[in-house]
Amino acid sequence: MAKLEINSNFQISRRKFLTGASVGASGIMLSGCDAFDSHLSIGSGLRSFLENANGLTYRAQRFLAGRDRLAPEFSEADIRQPQRPNGVTSPDDDDYKALLANNFADWRLEVSGLVEKPLSLSHEQLTNMPSRTQITRHDCVEGWSCIAKWTGTPLSLILDQAVVKPQARYVMFHCLDTIDRSLSGDIKYYGTIDLIDARHPQTILAYGLNGKPLPVENGAPLRVRVERQLGYKMPKYLSKIELVDGFADVGGGRGGYWEDNGYDWYGGI
Amino acid sequence: MESVARSQSDTGPGVPASTERPLIYRQSRWTRLTHWLWAISLFFMLLSGLQIFNARPQLYIGKQSGFGYDNTIFEIGAENTSAGPRGYTAIFGHRFDTTGVLGWSGPPGNETARGFPSWATIPSYYDLGTARVIHFFFAWILTTTLIVWLIASLINGHIRRDLAPRIDDIKRLPQDVANHIRLKFHHTREYNTLQKLAYGGVLFVLLPLMIITGLAMSPSMNSVLPFLNDLLGGRQTARTIHFTVMVLLVGFFIIHILMILAAGPINELRSIITGWYRTDPPAHDDKTAERSA
């Protein structure tokens, strides 16, 4: 066997060298396999410990981004393709299909919860309110991005109209689409944002996409845009927005459908 | 790390104690502590990062991902062929069959379509949410460690004394490359030229670039630092750079481990655990050894 002389300290054979190296590499890789799986489910001690970093990340982003720093906006030339739909793209719910059949003439956006004046707004009432149009980049948690032009009513105008009570802390979005089925029944998509993001100038309830009415696959008749967060924070097929002081008693208690399934509540990164 | 320790005992007894081969204090506690924090962080960030990548196993160039046009430069996927499902990897349009590792992998008879295989991801099953929790937890550790190291190494002189390449280092580069190829190492207090370039490259180029491209992917941070993506060429280019730097760091890790095994793992491990390093005999002996080798 060929021997490599290593500085006269050791004599290590080439085979031993390669064996050692590959054992080292595979040992490290093997530990990636499933050694950690059982400790990572939601609610476990290790998972909860690691999730503390989400709180740190949230506070850092809030501190740096403040209330009103704007997400980058783009030019018409950057709109190079239709907005990619994701998640539910064609709700199978009977009530949704009935509303769609009537071109959403009977659809209403309910504004309820911790407000002085609950609202029930028709599609026409929303489109008659002052609107904002913005060309922004949609970033999916999966890693892809897509640039599109969104038109909608600033959420802050609706909150002002409903007069938010001082104890309200979050806006909860209720949706018409069933995203999941569980033993306790169908789960409709829902999500929450805090009032800072709700009142952000670019946070709109969008009814228009790339100059046309919002298509079904992208959330017709109404979806929210929260431009400083990821796509899962922007529910589609809205039916109700509810002002709440917490969300521990809703769904899995983590503030949204995807949050209940392990995503961080603040989807800023 | 466990396996490194195992190969240590495989290589037989350590360096014989000798007054001619003095033990010197080579690595400060800051260097040692930060080294192991990085090792742990990078391990978890790599395996959770590969899991995150699996959610969208494509890389693009530009501001957005091309769905209505093609700006994909890298892709891992699976496809049905007449020979059954196959995994493939495509780089700049060149396709390779990577069945069993990339695209299509798993226990025999139970293969599934996934980018990186189960043994290379945490968790082993598909779970983007959990991988993100792990990734961002260790991102804080990694970044904090880098800042602590930078401050400590500026104060204790580690950067100036040990890492900054000098004229002599550049002159010595060809000889140093030749020495490494022949796995011939001089054990001295100082780093050799390639070590300086490798460690400096990781600490001052790769890790900062990793952090910057990571931040550039954050829609929240884009509102704070909107110029970042303009500099980098768009969010999807930033993601592609993030992935490329990962590949370079893995390459560094592999060479780093090979060099440690070749240069004497006990001595190298001792110096990064305790700080103490056994050096070669004084220079005239060293030259004799070099001639006879």
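**Chain B: domains and backbone**

Mentor: This is a predicted model. The centres of domain 1 of chain B and domain 2 of chain B, taken over C-alpha atoms, are 32 Å apart. Domain 1 of chain B covers 2-28 + 156-282. Domain 2 covers 58-115. The two touch: domain 1 of chain B gives seven residues to the contact, and domain 2 of chain B gives eight residues. On the domain 1 side of chain B, the touching residues split into one nonpolar, four polar and two charged.

Now the backbone of chain B. Start with B:Phe92. This residue sits in the loop between β4 (84-91) and β5 (94-97) of chain B. Is B:Phe92 buried or exposed? B:Phe92 counts as exposed because 7 other C-beta atoms lie within 10 Å, and the cut-off for exposed is 12 or fewer.

Next, B:Pro123. The loop between β7 (112-114) and α3 (128-155) of chain B holds this proline. The peptide bond between B:Ile122 and B:Pro123 is cis, with omega about -10°.

A:Phe104 has a positive phi, near 65°, and is a residue other than glycine. Its place is the loop between α3 (94-101) and β3 (108-113) of chain A. A:Phe104 is partly exposed, with 18 other C-beta atoms within 10 Å. A cis peptide bond runs from A:Ala220 to A:Pro221, with omega near 5°. A:Pro221 lies in the loop between β10 (212-213) and β11 (223-225) of chain A.

Technical notes
Residues are numbered from 1 along each chain as its sequence is written. Chains are lettered from A and ligands numbered from 1 in the order in which they are written. This is a predicted model: local features need pLDDT of at least 70, side-chain atom pairs count only at pLDDT 80 or more; totals for chains, interfaces and linings use all residues. Domain bounds come from an automatic or database domain assignment. Ala, Val, Leu, Ile, Met, Phe, Trp, Tyr, Cys and Pro count as nonpolar, Asp, Glu, Lys and Arg as charged, and the others, Gly among them, as polar. Helices (H or I, at least four residues) and strands (E, at least two) are DSSP runs, numbered from the N terminus. A residue is buried if 20 or more other C-beta atoms lie within 10 Å of its own, exposed if 12 or fewer, and partly exposed in between; C-beta atoms are placed from the backbone.
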